[in-house]
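Hi,

Here is the structure I promised to pass on. Have a look at it first, and then read my notes below.

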Amino acid sequence: MWAKQSLVPLAMEKQSHGEMGIIPSDSHSHIKLLKINRELLVTHIRNTQCLVDNLLENDYFSSEDAEIVGACPTQPDKVRKILDLVQSKGEEASEFLLYVLQQLEDAYVDLRPWLSEIGFSPSELIQSKVVVNTDPVSRYTEKLRQQLGRDSKFVLCYAQKEELLLEETYTDTIAELVGLKDESLGPLGSLACLLDRSSGVLSEQGETIFICGDAGMGKSMLLQRLQSLWAARRLDAQFKFFFHFRCRVFSCFKEGDALCLQDLLFKHYCYPEQDPDEVFAFLLRCPHAALFTFDGLDELHSDFDLSGAPDTSSPWEPAHPLVLLANLLSGKLLKGAAKLLTARTGVEIPRQLLRKKVLLRGFAPSHLRAYARRMFPDRAVQQHLLAQLEANPNLCSLCAVPLFCWIIFRCFQHFHSVWDSAAQLPSRTVTLTDVFLLVTEVHLNRTQPTSLVQRNTRSQVETFRASRGTLRSLGQVAHGGMEKSLFVFGQEEVQAAEFQEGELQLGFLRAVPEPGVGGDQQSYEFFHITLQAFFTAFFLVVDDQVGTQQLLRFFQEWAPPGEAGAESCYPPLLPFQCLKGGGLAGEDPFKNKDHFRFTNLFLCGLLSKAKEKLLRHLVPPAALRRKRKALWAHLLASLRAHLKNLPRTQSGGFSQVQAMPTFIWMLRCIYETQSEKVGRLAAKGICANYLKLTYCNACSADCSALSFVLHHFHKRLALDLDNNNLNDYGVRELQPSFSRLTVLRLSVNQITDSGVKVLYEELTKYKILTFLGLYSNQITDVGARYVARILDECKGLTHLKLGENKITSEGGKCLALAVRNSSSILEIGMWGNRIGDEGAKAFAEALRNHPSLTNLSLAFNGISTEGGKSLAQALQQNTSLRIFWLTKNELDDEVAESLAEMLKVNQTLKHLWLIQNQITAKGIAQLADALQKNTGITEICLNGNLIKPEEAKVFEDEKRIVCF
């Protein structure tokens, strides 16, 4: 039976039950319960058919009863009639009705609070009854789950055929929650953290979770994984609906197309099997039950002019699909629905829409090894692959981008299936053009025999020469779309390219999965946008009709300001034209042009001298040389103009230039040429000796390009690469440039002990380093020992930043000993490690009589009384230190007393930071007394200690004591 109801005064009942108007029964009668709460049930039961179906199924209703209910003119009348009939049939029928409402909670979601309040508990007899769910909303949810589960079962992002199971191959990447200025807020713990209500929230009013990253970083795969989890009921239970749209598909709608929101969701996504109006009404009533994902905002382009289209907030009013998209994103439609939006790095959305922002940074070495295990379960094959990658850091660095990693792994898989254990990846320097030529060769050879008896022995040159027609057709389609920034092609474009039978099955193009796009005809797209860029470049190289102007068209963004003119080939990014107040008026918000940039990069690779042997059978050598000459001249001129226009400052004897992400793309293009002459001329154009490349989203492969140019730079150089994603492979790729570097900043770059070992081996060869920044990486005590050896051997090292790593007391002791032995070190940053009291004691010994150290941070290091007292005592014998940070430790009044004694002796310390420790008014009083005998110190910061505002008033006259 149902739980006993408490008897409380009526006023308290009304307050407790709120707007639901719940009136509990004062007896165990189910009939009475239905009578007393009749109006509540009439108000909140919207699906009567499901109740009738279950009452019929269990013989509580006859067919005549069902007809009587069906004859009622309105929904409330039907509910009243059901209640009358059920009550007339007795307690068991009334109890069963309550049981149905309880079991089908999705169908009667509005009654959940009431059912919870009354504590209904069915009898064993009622529990033995079968409840069938004929609720259209629940059925639609199940249909969505089945469709999404089917669509997300296989990895289809980078392949045409259903070859790889998502569950078996999906590997997490480095994902960071970031702030409005892309500052790190910490790692994204799991996919569940994307949708939680706490971690990384930038605005409670925002509804859009924005996921960004470079091309190939795994944005689409992440959304596919979310689909899979939702379909398997492993995602937040609050979402009854999951709608996934790819933004590029909105480009397929014609200017005159108009849809209402219901048609967009149902006819162009998934149609309910019954009562679509009721399902849509539920969605409008409970928008928070819907999760929308919009993939690839940067791929959305159309000739439709949104500026003249009226905003629509009506879900029934027909409008162009782009207007619906813009109003869904802005919250004018289905406000309260959760939205995940992806775009490539550089695209920004209005701040008022942002709830969270997540930056995908690709694979760290640990992810690469995990991905290899998933892709190659056979341990011997797996070790063979990893051994080849380890022998070629250049190839490893390309694998930091999940797409390129997949391509390289698939090529290896193909070679292994053909040549068994003799499968070999290239051992030389590999460019991205090489990788895409390799995957093109693999796909073209799909039609060739690979049996044990007859193997394919065609060379790459023979393969490309035999497939000239296929390559030309692919290039024509790719180039035609790239000129319009379109990524979906209809039958008209495909037929115009004169594809032969079977060529569409090679795997370069795949059918567009969305229903309704392109009418009844099939539409196509390249398996990734970078592949379309590759074939666009291929077309520009091999087509005889392409002149210099057309060849260089996609380089226009590199022209200095004012020179691009009206011929710019970049169409506007559409949705945000509708988002008024977003701060984008008068600007082109489409800052990301990676598909053009990849085209430029592949142009440089295909026109390199190394590719002449491959392409001379497809295009006359004279034409190749003409195009190469024009490309190189433009590339170098663009680099010089770009560097000339960058802001520069004079600081610390350096001429410092803040380079932009475009500079990284230029370096990538220069690297693709593999021309030492071009690299040398590019280095000549660098007219600064301090390159600041922070927040450029550079990955490990970019270090290859950077070193390719910098090893031609004959002067000493400072290089700041903080806040990128270089990891250990990037450090290895920087080796050719280490002989030039006096300043090296690599903070926030996923570097581990392996990378630090490379730094030790290389930097100690030249011993010219003065500044080393490794803040916020993944360095342990092992790496700390290598850093200590760098400090020992590089006698000119003055600044060392090692904060927020994983260094404990053992690593702290090694570093402290190196500091003690150094006569050049000026500043040490150890904030956010865990050296504890033992490490603090070692640093105390280093401080004693140290000749040069001026700044030391041991903040947030778990230092307590014993360590604090040792440091204080050591400072009595130190005259070099000027700034000492001990913030966020566990220092108490006993330490404050020792510091007070130190201040009576040490007159050279200027700033002492003791913020957020455990010092009370007693300890502060001792410090204040000591200041009477100290004229050197400027401030003692004590914010966040154990002192009350009224206690702090005692120290108001001593301005050097800062308590609040």
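Leaving aside its neighbours within four places in sequence, which residues is Phe 843 in contact with? Contact here means heavy atoms within 4.5 Å. The list for Phe 843 runs: Gly 812, Leu 815, Ala 816, Val 819, Ile 828, Met 830, Ile 835, Leu 856, Leu 858 and Leu 871.

Before you go further, a quick word on the ground rules. This is a predicted model, where local features need pLDDT of at least 70 and side-chain atom pairs count only at pLDDT 80 or more, while totals for chains, interfaces and linings use all residues. Residues are numbered from 1 along each chain as its sequence is written, and side-chain values use heavy atoms, with hydrogens and water left out.

Now back to Phe 843. Together with Leu 194, Phe 409 and Phe 884, Phe 843 touches the most other members of the largest nonpolar core, which has 272 residues. (A nonpolar core is a set of buried Ala, Val, Leu, Ile, Met, Phe, Trp, Tyr and Cys residues joined through side-chain atoms within 4.5 Å; buried means under 20% relative accessible area, with a 1.4 Å probe and protein chains only.) Helix α25 (residues 529-542) gives this core its largest share, 10 residues. Another core lies apart from it and has 35 residues, including Tyr 60 and Leu 85.

Next, the sheet. It is open, with 7 strands in the order β2-β1-β7-β3-β6-β5-β4 and mixed pairing. (Helices, H or I with at least four residues, and strands, E with at least two, are DSSP runs numbered from the N terminus; two strands pair if DSSP finds at least two bridges between them.) β2 (184-187) and β4 (241-246) are at the edges with a single partner strand each, so one side of each has no neighbour in the sheet.

Strand β1 (residues 174-178) runs antiparallel to β2, joined by 2 bridges, and Val 178 sits opposite Ser 184 in β2. These two strands make a hairpin with 5 residues between them, and Asp 182 in the turn has a positive phi of about 65°. Towards β7 (residues 354-362), β1 has 4 bridges, again antiparallel, with Leu 177 opposite Val 358. Both faces of β1 are covered: Ile 174, Glu 176 and Val 178 are buried on one side, Ala 175 and Leu 177 on the other.

Cheers

Conventions: Buried < 20%, exposed > 50% of the residue type's maximum accessible area, 1.4 Å probe, protein only.
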